[in-house]
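Student: I would like a close look at one part of this model, the aromatic rings and their surroundings.

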Amino acid sequence: MAVRPLGAVPLEPPRRLLTVTVDGAETRVPEGATILDACRANAVDTPTLCYADNLTPVNACRVCVVEVEGSRTLVPACSRTAEDGMVVSTDTDRVRHSRTLVMEFLASSVEMDLTNADVHRWMAEYEVHPERFGAQMPELPADERDRRDPGHHHEPLDPTVAEGVAQPVKIDNELYVRDYSRCILCYKCVEACGVDAQNTFAIAVAGRGFDARISTEYAVPLDESACVYCGNCIGVCPTGALMFRSEHEMREDGSWDEQQQTVTNTICPYCGVGCELELHVQDNEIVKVTSPWDHSVTNGHLCIKGRFGFAYVQSRREDDPTRRRAGARDRRGSSESASD
Ligand code: SF4
Ligand code: SF4
Ligand code: FES
């Protein structure tokens with residue numbers, strides 16, 4: 001085995017450059033790059049929902065599809081590796097039609113209002129009209145979807161309205177909530193809980209077809225599951241289905257205001273690993289904690305102490321997070337909690 005001199009940094013072997021044509025313009029990308037990389041290198045805006053730069057592509061949503069010369073079917077740009085001489089078209093009728101349909105189907109059954117600005121822009125650009133599938137189904141009783149038979153499809157509950165996933169928010173712990181009315185089944189949380197980050201495997205997809213949903217084992221509450229509350233699933237969720245309890249409660253009482261928030265980057269003080277934290281602060285209170293996806297230590301992922309330890313930092317009363325949040329609401333002037 002070759003001995004590397006002390007201090008030498010191992011370098012990856014140089015990668016061959018490939019020529020890819022995207023919408024008529026030639027671009028060069030290194031071997032191993034995806035079609036999405038080639039699109040980005042060419043400044044071609046490509047919608048993505050299930051893709052994240054810090055997770056393995058799973059091809060769940062298909063909103064990123066493109067046409068590739070010689071390929072009969074549309075190709076997901078986020079996962080298909082580029083090949084030398086590949087000719088890609090991103091703005092054909094077929095591509096636009098397919099992207100529009102994906103977003104319309106999702107938005108007809110799922111609450112998309114808390115997705116990021118890019119998703120809202122794509123929905124406008126692709127003229128997404130989910131309302132053409134009919135009125136949304138009323139909210140289902142709590143846990144009704146969790147009780148559906150695995151491996152079977154349910155009969156439509158009401159064929160006159162668009163099938164939906166609206167249901168009450170699951171609040172079963174102090175740290176975060178699960179609002180599956182907003183879940184587009186992108187699998188990102190499952191990946192972050194599994195081999196891509198946490199290796200805890202507390203959540204997975206249960207059921208099939210329209211009954212497919214994210215679930216703990218046997219749909220038990222989080223505190224009875226294998227969950228270790230790292231919050232890495234929240235960090236990757238693109239729709240707000242998984243949310244800090246602090247954010248959820250502030251949205252409920254109308255005090256959540258991102259315009260008023262500042263973000264301060266710091267290093268987590270709990271251990272020597274050196275994770276970078278982004279502290280989101282409103283009214284002098286930390287309201288949530290994230291980490292940059294491209295940070296070399298975290299890749300955007302944290303442990304429970306970095307993600308949720310802020311409750312300890314700003315503890316002003318006894319060790320009671322409910323009272324603390326209520327206190328924060330009082331300070332923001334919520335009359336509802338003034339009696340706390
Ligand atoms: S908080 Fe962590 S362990 Fe729990 S479900 Fe989310 S990713 Fe898995
Ligand atoms: S809960 Fe969020 S991250 Fe998980 S599948 Fe649903 S939308 Fe994706
Ligand atoms: S973003 Fe490519 S398949 Fe979802």
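Student: Is Phe244 buried or exposed, and what is its relative accessible area?

Tutor: This is a predicted model, in which local features need pLDDT of at least 70, side-chain atom pairs count only at pLDDT 80 or more, and totals for chains, interfaces and linings use all residues. Residues are numbered from 1 along each chain as its sequence is written, chains are lettered from A and ligands numbered from 1 in the order in which they are written, and side-chain values use heavy atoms, with hydrogens and water left out.

Phe244 is buried, with a relative accessible area of 3%; buried means under 20%, exposed over 50% and partly exposed in between, with a 1.4 Å probe and protein chains only. Rings of Phe, Tyr and Trp (its six-membered ring) pair if their centres lie within 6.5 Å; planes under 30 degrees apart count as stacked, over 60 as edge-to-face and the rest as tilted. By this rule there are 4 aromatic pairs. One of them is edge-to-face: Tyr176 and Tyr229, 6.3 Å centre to centre with 75° between the planes. Tyr176 lies in strand β6 (residues 176-178) and Tyr229 in the loop between β8 (213-216) and α5 (232-236), so this pair ties together parts 53 residues apart in sequence. Helices (H or I, at least four residues) and strands (E, at least two) are DSSP runs, numbered from the N terminus. Tyr176 is buried at 3% relative accessible area, and Tyr229 is buried at 15%.

Phe244 and Phe310 have ring centres 6.2 Å apart and planes at 45°, so their pair is tilted. Phe244 belongs to strand β9 (residues 242-244) and Phe310 to helix α8 (residues 310-313), 66 residues apart. Phe310 is buried as well, at 10%. Together with Phe308, Phe244 and Phe310 form one aromatic cluster.
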